[in-house]
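Subject: Structure handover

Hi,

Here is the structure you asked about. My notes follow below it.

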Amino acid sequence: MHRRWSFLAAFAALVGILSSAALAQTSRATFPKDFDEYVLYATYDRGSAKEEAFATRETLAIAKAGKPLPPGTQLVLGIWKNNALTEYFVMEKGVNWGADFPAEVRNGDWHFQQFDLNRQVRRTATGDRCMSCHGSQARSDFLFTWDRMQSYLP
Ligand code: HEC
């Protein structure tokens, strides 16, 4: 009888470990439905490689006012390689989304996701590095382009 319960307890613990590992892999970020209305606010030209940052007019107005970006904010980075657009990187902020990740991993309440040109999720190895790199920008809400948002002129 006791053996049986300890087996069940061990099994339950294992399920807990596996599901928390699965949780840490999950991103809730989606591709913005209204992307065609997004504004290009920053371009990073590196020869044949290029990155283009897009946000809504509302997001840029909030940044210019120096206010924190609210839950629901979505940002898109277009990735160009060999002079061609190859994929999109998306950041989206949700209510308490940071709780999906361990404290040492999370980037506030931002989630990150990669998309192909058909705007479908396409994760590659790069996807696992988003948070470790953006984590260095905690002082500017995990953004590399906060200054560019604030200085953007229509
Ligand atoms: C090695 C560091 C690094 C990694 C890894 C990385 N980024 Fe970035 N990201 C940057 C930098 C730097 C910029 C600013 C643009 C530039 O310099 O090209 C940026 C800009 C962005 C932006 C524009 C908004 C902002 O943060 O300023 C988005 C959206 C974004 N990245 C999403 C992602 C996603 C999604 C991933 C993972 C699939 C990712 N990034 C991985 C460094 C990184």
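In which strand is W80 found? W80 is in strand β3. Strands here are DSSP runs of E of at least two residues, helices are runs of H or I of at least four, and both are numbered from the N terminus.

First, the ground rules. This is a predicted model, in which local features need pLDDT of at least 70 and side-chain atom pairs count only at pLDDT 80 or more, while totals for chains, interfaces and linings use all residues. Residues are numbered from 1 along each chain as its sequence is written, and side-chain values use heavy atoms, with hydrogens and water left out.

**Overall fold**

The protein chain has four helices and five strands. Along the sequence they run α-β-β-α-β-β-β-α-α. Of its 154 residues, 36% count as buried. Buried means under 20% relative accessible area, exposed means over 50%, and partly exposed is in between (1.4 Å probe, protein chains only).

H134 sits in helix α3, residues 130-134.

H134 also has a polar side-chain atom 2.9 Å from a nitrogen atom of the ligand. An N or O atom of R46 is 2.8 Å from one. For T145, the distance is 2.5 Å. These are polar contacts, meaning pairs of N or O atoms within 3.5 Å; within protein, one must be able to donate a hydrogen and the other to accept it, and residues adjacent in sequence count only if both atoms are side-chain atoms.

The ligand is surrounded by 21 residues. A residue is near a molecule or strand if one of its heavy atoms lies within 4 Å of it. The closest are E51, C130, C133, H134 and T145. By class, the shell has twelve nonpolar, six polar and three charged residues. Ala, Val, Leu, Ile, Met, Phe, Trp, Tyr, Cys and Pro count as nonpolar; Asp, Glu, Lys and Arg as charged; the others, Gly among them, as polar. At least two shell residues come from each of β1 (39-46), β3 (74-81), β4 (84-93), β5 (110-115) and α3.

**Residues to look at**

Back to W80. It counts as partly exposed because its relative accessibility is 23%. W80 and A49 are 31 residues apart in sequence, and their C-alpha atoms are 5.3 Å apart.

The loop between β5 and α3 holds R119, R123 and G127. R119 counts as partly exposed because its relative accessibility is 30%. R123 is partly exposed too, at 36%. G127 is buried, because its relative accessible area is 13%.

R123 and Q113 are ten residues apart in sequence and 7.3 Å apart in space. G127 and S27 are 100 residues apart along the chain and 9.9 Å apart.

What about backbone angles? Most residues other than glycine have a negative phi. R119 has a positive one, near 65°. N96 is also positive, near 60°. N96 lies in the loop between β4 and β5.

Best wishes
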